[in-house]
Amino acid sequence: MVPARNRPLLWVAIALCLGIIGYALYAQQIEASDTDVVSVPLDPADPARETLGRLRYLGGLDIPRMGQNIGGLSALDWDTQSGRLLALADDGRWVWITPEEQDESLTGIAAIEQGPLLGLDGEVLSGKEQADSEGLARWGAGPLAVSFERDHRVWLYAQGLSQAPSDTGLDLVELFAGLEDNRGVETFAVSAEHQLLCAERMATTANANCRMFKEGEGFVPFAVEPPQALVSRGAVPTDAKALTSGEFLILFRSYSPAEGNTAAIVSYAPDGTRRELMVLQAPLTLDNFEGLAVREGRDRTFLYIVSDDNFSSSQRTLLMKFELLPEK
């Protein structure tokens with residue numbers, strides 16, 4: 001029997017032990033939830049659903065921090081040579097994602113590698129003003145161009161994103177007749193004959209939200225619009241990729257605290273011909289989609305979209321894969 005005078009010390013010791021055990025369990029839970037990739041359905045109410053407009057759903061993932069502070073992903077590209085996805089974070093980092101796939105369905109993440117973007121002087125970019133990387137465009141298998149907002153500019157990384165870039169000298173503020181700090185050029189895509197730059201804004205009669213480079217004409221105004229259902233929601237372009245056909249696939253998204261997120265993908269030909277491919281609205285699986293990658297094969301075309309969680313606990317980094325179905 002423990003003497004009465006020592007019983008308070010015993011209760012303190014028991015409490016400390018329980019606290020340590022509880023903390024260990026909590027730490028394991030946090031560690032697990034911080035590293036586990038979770039599959040998500042397209043439609044939580046109907047997990048077997050696959051078709052959405054012209055797209056077929058091939059799996060999606062909720063990607064947590066994974067101990068590497070993964071988040072803020074604002075641009076996406078498919079690298080044919082390595083079979084990986086290349087993303088940009090809006091704090092000045094590049095992120096390589098190696099997907100795991102089975103029968104073309106996205107099932108997991110095999111590896112993630114990341115590093116900092118460098119400035120013209122070869123030093124690591126720091127601060128939101130300099131490091132807010134938003135758009136990523138690839139010239140074939142060669143150089144990568146990155147657009148930044150706040151300090152609006154386009155830099156060319158001819159030797160890869162881990163090397164120092166060169167300045168393209170493109171004056172985005174003048175090109176778009178003014179840009180807001182946090183609504184710059186998030187959409188940047190290159191085809192064999194054209195370049196497409198879009199600001200994070202809706203088109204107006206006075207000012208188109210995009211500029212397209214055409215040989216012999218330079219950059220000319222080019223207006224793009226989301227599907228009609230998302231016009232009232234204020235959906236704006238956030239990424240684009242070019243198909244070998246010359247069409248541009250443009251990702252739109254909107255957000256409001258009252259109504260949440262929406263997303264859509266619309267195809268635009270250089271002559272303005274427009275095709276709506278999909279609209280993503282609640283109650284389907286959604287978040288703040290800002291990145292789009294295209295993976296073209298001999299007879300099949302796949303799309304990947306990724307969301308920017310803004311490093312917020314109330315948002316998620318979702319990576320989703322679709323197949324572009326042929327027109328009927």
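Four strands line up as an open, antiparallel sheet in the order S4-S5-S6-S7; strands here are DSSP runs of E with at least two residues, numbered from the N terminus, and two of them pair if DSSP finds at least two bridges between them. This is a predicted model, where local features need pLDDT of at least 70, side-chain atom pairs count only at pLDDT 80 or more, and totals for chains, interfaces and linings use all residues. Residues are numbered from 1 along each chain as its sequence is written, and side-chain values use heavy atoms, with hydrogens and water left out.

**The S4-S7 sheet**
- Strand S4 (73-79) and strand S7 (105-116) are the edges, each with a single partner strand, so one side of each has no neighbour in the sheet.
- On average, neighbouring strands here are turned by 25 degrees against each other, direction ignored; the axes are lines fitted to C-alpha atoms, and angles in general run from 0 to 180 degrees between N-to-C directions.
- Strand S6 (residues 93-102) runs antiparallel to S7, joined by 10 bridges.
- Trp96 has Glu113 in S7 as its bridge partner.

**The S8-S11 sheet**
- Another open antiparallel sheet of 4 strands goes S8-S9-S10-S11.
- S8 and strand S9 (residues 144-148) are antiparallel and share 5 bridges, with Leu136 opposite Val146 in S9.

**The S14-S15 hairpin**
- Strand S14 (residues 210-214) pairs with strand S15 (residues 218-222) in the antiparallel sense over 5 bridges.
- Arg211 sits opposite Pro221 in S15.
- There are 3 residues between the strands, and Gly216 takes a positive phi near 85 degrees.

**Pockets**
- A pocket is an open set of points on a 1 Å grid over the protein atoms alone where a 1.4 Å probe fits, with protein on both sides within 12 Å along at least five of seven lines; lining residues have an atom within 4 Å of a point.
- The largest pocket has a volume of about 780 Å³, counted as the space filled by probe spheres set on points joined across faces, edges and corners.
- Of its 38 lining residues, Asp77, Trp78, Thr80, Arg138 and Gly140 are closest to the centre.
- Elements giving two or more residues to that lining include S4, S6 and S8.
- The second largest pocket holds about 370 Å³ and is lined by 24 residues, with Asn182, Glu186, Glu200, Arg253 and Glu290 nearest its centre.
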